[in-house]
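Have the sequence and the 3D view open as you read.

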Amino acid sequence: RLVKHRFAIVASFDQLEGCFKEFDEAEDEKESHLKRKNPRSPFDNVEAFVRQFEQLSAHQQDSSATLAKAYSLLCRTARRLGITGSKSNSDIPKAWHELVLLLQCRGKIHDS
């Protein structure tokens, strides 16, 4: 049997079924590929830093590497707030969330 589409293209049912089957397989593959990716929270870096910071001793918390990482996170948060850099890069809700997470760190980081 033949099917006539509105664009005057004639195709057999077997060809149409094959096309639809290939299309469905491609969609399933695309969906499974998207599901395989592990969605990350935008706050993973900050949360991981806060967890590490809480486990460190007072002497380790004042180390230069820890303070440098905290300073870089604070600079990124300031950029997101629009305090430094271009205002077009600001994302105020995300920046406030990061700032609240960083406030959990005590000491020099909390004072900054």
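Angles under 35 degrees count as roughly parallel, over 145 as roughly antiparallel, 65 to 115 as roughly perpendicular and the rest as oblique.

## Before we start

This is a predicted model, where local features need pLDDT of at least 70, side-chain atom pairs count only at pLDDT 80 or more, and totals for chains, interfaces and linings use all residues. Residues are numbered from 1 along each chain as its sequence is written, and side-chain values use heavy atoms, with hydrogens and water left out.

## Two helices side by side

H2 and H4 pack at an angle of about 150°, and their axes are 11 Å apart. (Axes are lines fitted to C-alpha atoms, for helices over the stretch in contact, and angles run from 0 to 180 degrees between N-to-C directions. Helices are DSSP runs of H or I with at least four residues, numbered from the N terminus.) H2 and H4 are therefore roughly antiparallel to each other.

Who does the touching? On the H2 side, the contact is made by Asn45, Val46, Phe49 and Phe53, and on the H4 side by Thr66, Lys69, Ala70, Leu73 and Arg76. Contact here means heavy atoms within 4.5 Å.

## The nonpolar core

The largest nonpolar core has 12 residues, among them Phe43, Phe53, Leu74 and Ile109. Such a core is a set of buried Ala, Val, Leu, Ile, Met, Phe, Trp, Tyr and Cys residues joined through side-chain atoms within 4.5 Å. Helices H2 (44–55), H4 (64–81) and H5 (92–102) each give two or more residues to this core, and H2 gives the most, with 4 residues.

Thr66 lies in helix H4, and at 12% relative accessibility Thr66 counts as buried. (Buried is under 20% relative accessible area, exposed over 50%, partly exposed in between, with a 1.4 Å probe and protein chains only.) Not counting residues up to four places away in sequence, Thr66 touches Phe49, Phe53, Leu56, Gln60 and Gln61.

Over in helix H5 you'll find Glu98, which counts as buried at 0% relative accessibility. Beyond four places in sequence, Glu98 touches Pro42, Phe43, Val46, Arg76, Thr77 and Arg80.
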